[in-house]
Amino acid sequence: FIQMLRGAKKREVLQLLRRAPEETRPFLVEVAVATQSVASLAALSDFLDFSKEPKSLLEKFLYAAAFSPRPSGELLHLVLDKLDGKHLAPEIWETGIVAVGSLVGKLCQQKLCGLQVVEHGVETILRGLRGAKEEPEVVIYLLALGNAMLPGTIPTLLEHAEDGPTAVTAAATSALQRFPAPHICSKVKRAMRRIFHQKRKSYDKTCRLAAAEILLDNHPLPMDVINILLATNEMETEMATFLLLKVQNSLHDHHHVAKKIMKDIMGDPRINNYNFFSKVGISSSFSGPLTVTQDLTSTFGLDLLFLEGGFLRKSISDFSLLSHGQRLRAAQVTFEAQGMESMMGENLSEGEEEPELMAGMSATFFGVQLPPIVFFQGYTDLMAKVLLSSGEPTSVVRGNLLLMDHHQVIPLQSGLQVTVKLQGGLGLDISADMDVSIWEQELKTSVTARGSLAMDFQAELDSSFLQATLRSQTEVETSIHFDTKLRFSSSPVLMCLQLREEQVPYR
């Protein structure tokens, strides 16, 4: 479809979009975005009316733009133009800002940071952040900065990480976690130490743990590792258990940058002893391989942080791909529940502010963080959701993405030349659900990820006396289901985890 649209005129693309049946329009919008020809972008500009189109179609357009592997300045210009000065539905605005961050980041990776439209995109995010009054608004702009991963925005992220309320600190530290190690400089590390050791004020445990992870995962100093381990003596059992498991995991992970430092520190019996590592909490952190080949390792990681009374505070399931020293977070789904302590009759830690009752989810796919989904906020909302629950899972992302689009002409020593084309597309359907039962004192979460990858490779030699074509097509389908069930009516808490991977057809 992309190959066909590349040769089409604006009038033809527009006619195709307008005449298509409603159920195929989202697919055609995705294709037009992936094509990125001048004609297809001009047709999309005329076709998409952000004040009239259904939200689902506009979200499709924005997601397709955000996941574009090699976006053009024209695509960013189109997204900015559609968001500019209009009264948009909150979900569309959130997705749009997050998409702008992703497009800016990818254009800068292509060494196109100097484009006027990229500078306009960065200024749009920073101006919005400066003028944002509401906490959820600030969080969205910080997520956009996380998607952009521009070193110049690190001071802004640090400021919000240290001085903001819990949700803002969490979003800013999460954005900083995504930067590669060379950008986690001494200034960032000093700020993370202040957050972890609570030098300026009291921070939520999830923010402190994120700060500790930044210190441990980016060429840590031995003193940082020792201080983090020593701090676990003063912590609540669950938080200490979680951190100690993080440290132990890095010892078993062949790719971890701090493996040697950790090994040296563990040689000291004053640190590596029963007193330190005998914490008996139920929080856990695990990471292990799903598939290992010569060129690629895919891993599954699971972090579960519990409250002292046994309620799940945060769970992160992570699917990553490691290849030749590069890491790609293919999918990361985070469930978070806060404010449950008071409902379960638990006491807060000294100096800790009472958080609002809330449960929600956030997801990152192929390096793009999506806007968070809130399941319920406040006790009234929880009761309404419990009583009126449809039992249907929430769709996180669904659609078709162009993952790779490569075209190259290779001159041979004989004087002939070969044209190489490689395209890869991914069909993705990810849904998630969280079900809290107050009466049965149970919490269930489930993530279903279905995907199909199609790759098309063609090498062509064309001369006046010889023609040859080599073509290969590959298709893979996979489906992964991850479920957790917790029963906290008794002590110890009963927990069941299940990861199901269906048979993978490979053609």
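The model I am reading is predicted.

**Entry: aromatic pairs.** I looked up ring pairs, each described by the distance of the centres and the angle of the planes. I count 6 aromatic pairs.

**Entry: Phe 1 and Phe 27.** I find the ring centres of Phe 1 and Phe 27 5.7 Å apart, with planes at 80 degrees. Planes over 60 degrees apart count as edge-to-face, so I log this pair as edge-to-face. Where do the two residues lie? Phe 1 is in the segment before helix 1 (2-5), and Phe 27 is in helix 3 (residues 25-35). The pair therefore ties together parts that are 26 residues apart in sequence. I then checked accessibility. Phe 27 has a relative accessible area of 35%, so I note Phe 27 as partly exposed. Phe 1 has 45% and is partly exposed.

**Entry: Trp 93 and Tyr 141.** I get 5.5 Å between the ring centres of Trp 93 and Tyr 141. Their planes stand at 80 degrees, so I log edge-to-face. Trp 93 belongs to helix 7 (residues 90-109) and Tyr 141 to helix 9 (residues 135-148). This pair therefore ties together parts that are 48 residues apart in sequence. Is Tyr 141 buried or exposed? I read a relative accessible area of 7%, so Tyr 141 is buried. Trp 93 is partly exposed, at 22% relative accessibility.

**Entry: cluster and charge.** I find one aromatic cluster formed by Phe 300, Phe 319 and Phe 482. I also looked at Arg 208, which lies over the face of Phe 196, 5.3 Å from the ring centre.

Technical notes. Residues are numbered from 1 along each chain as its sequence is written. This is a predicted model: local features need pLDDT of at least 70, side-chain atom pairs count only at pLDDT 80 or more; totals for chains, interfaces and linings use all residues. Side-chain values use heavy atoms; hydrogens and water are left out. Rings of Phe, Tyr and Trp (its six-membered ring) pair if their centres lie within 6.5 Å; planes under 30 degrees apart count as stacked, over 60 as edge-to-face and the rest as tilted. Helices (H or I, at least four residues) and strands (E, at least two) are DSSP runs, numbered from the N terminus. Buried means under 20% relative accessible area, exposed over 50%, partly exposed in between (1.4 Å probe, protein chains only). A charge sits over a ring if NZ of Lys or CZ of Arg is within 6 Å of the ring centre and within 35 degrees of the ring normal.
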